Amino acid sequence: MKFDRVYNFSAGPAMMPEPVLEEIAAEVLNYRGSGMSVMEMSHRSKVFQQIRDEAEADLRKLMNIPDNYKVLFIQGGGTVQFAMVAMNLMKNGVACYVETGAWSKKAINEAKKYGDVKIVASSKDKNFSYIPDCSDLDIPENADYVYICENETINGTTYYELPNTKGKVLVADQSSMFLSRPCDVSKYGLIWAGVQKNVGPAGMAVVIIREDLLRDDLPQSVPTYLNYKTHADADSLYNTPNCWAIYCCGKVFKYLLSNGGLEAIDRRNREKAAILYDFLDQSKFFSGAVEKKDRSLMNVPFVSPSKEQDAEVVAATKAAGFDNLKGHKSVGGLRASIYNAMPKEGVEALVEFLKQYEAEHA
């Protein structure tokens, strides 16, 4: 049975690859002869253990993760990780954050509950429309880590050059660009990503953490579940994990591996983004909201001449079969999230629609 599917430009939960969804659908009642769905089976079973182990192995292969890093599957999304990072990594009680938009601001506010937060660079002066220069940050000697949101989902900026942390641990929230391009994991102490944007269903984060950052000496006040070492020691099976999310993410990892890996998906993502950005650059009606050098390939915010027109465009796109193009409530405008699973045809169709809309309304 074939269902009509819209082009879903949601920032998350977002599109998943159709071949992956079809494979999941075929297995949902009876996973590989087990007689049950993955949603029903014990997380302690040999069947699920193989699912978890394959997911980790495939992610390690995709990202070429060094042996001295642990891969963790932790329930909850960004809000949990904002706290866990600070709880686990603040030994001296000092951390440096780069403020580039809504999600780095949330991380900063959460970290302030656990120690002294230094904002060492910010793009607030221009409404977070660019990535600030991070080549010579004023990092205190006693800083425990430097934290960035590597791709700001709401504001549509991304790093193309990592900060000079001056020897301090680099921590990155990669949620909305995770697995969208090659990544040298060895440059980071910790990477985390909520999976609902570019990998799988909501309810889980992937954490990649260097082993020397795992601690036995956390304060007694830190809940057992919020200690990264708890999950590392138990292979993410300390308690019942988000089995369904692990299973779905594992399918996506295999899909990416079978389609050329991160180098290939990076090429496709650049081609897709160029189609939309090239249109915005020549349009006299629509305009992009981010400085060219820092534009995200995943999240493209743009505006029409007025807020009222923005609302009309959103309504028109939805009626035409394009969904979730309304900008985040905190910034307004429009936003097209074009993650790995968004086909090139979807971006081309959107651009054709916007061209037609401009011709009729400019």
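Biologist: How many aromatic pairs does the structure hold?

Modeller: The structure, a predicted model, holds 14 aromatic pairs.

Biologist: Why is the pair of Phe 285 and Tyr 357 called tilted?

Modeller: The ring centres are 6.0 Å apart, and a pair needs them within 6.5 Å. The planes stand at 55°. Stacked needs under 30 degrees and edge-to-face over 60, so the rest count as tilted. The pair of Phe 285 and Tyr 357 is therefore tilted.

Biologist: What parts of the chain does the pair link?

Modeller: Distant ones. Phe 285 is in the loop between α7 (261-282) and β11 (287-288). Tyr 357 belongs to helix α9 (residues 344-361).

Biologist: Why does Phe 285 count as buried?

Modeller: Buried means under 20% relative accessible area. Phe 285 has 8%, so it counts as buried.

Biologist: What makes Tyr 357 count as buried?

Modeller: Its relative accessibility is 5%. The cut-off is under 20%, so Tyr 357 counts as buried. Tyr 357 also forms a tilted aromatic pair with Phe 286, 6.5 Å centre to centre and 50° between the planes.

Biologist: Why does the pair of Phe 286 and Tyr 357 tie together parts of the chain?

Modeller: Because Phe 286 lies in the loop between α7 and β11 and Tyr 357 in helix α9, 71 residues apart in sequence. Phe 286 is buried too.

Biologist: Which residues do ring pairs link into a cluster?

Modeller: Phe 279, Phe 285, Phe 286, Phe 302 and Tyr 357.

Biologist: What lies over the face of Tyr 130?

Modeller: Lys 126, at 5.7 Å from the ring centre. The distance limit is within 6 Å.

Key:
Residues are numbered from 1 along each chain as its sequence is written. This is a predicted model: local features need pLDDT of at least 70, side-chain atom pairs count only at pLDDT 80 or more; totals for chains, interfaces and linings use all residues. Side-chain values use heavy atoms; hydrogens and water are left out. Helices (H or I, at least four residues) and strands (E, at least two) are DSSP runs, numbered from the N terminus. Buried means under 20% relative accessible area, exposed over 50%, partly exposed in between (1.4 Å probe, protein chains only). A charge sits over a ring if NZ of Lys or CZ of Arg is within 6 Å of the ring centre and within 35 degrees of the ring normal.
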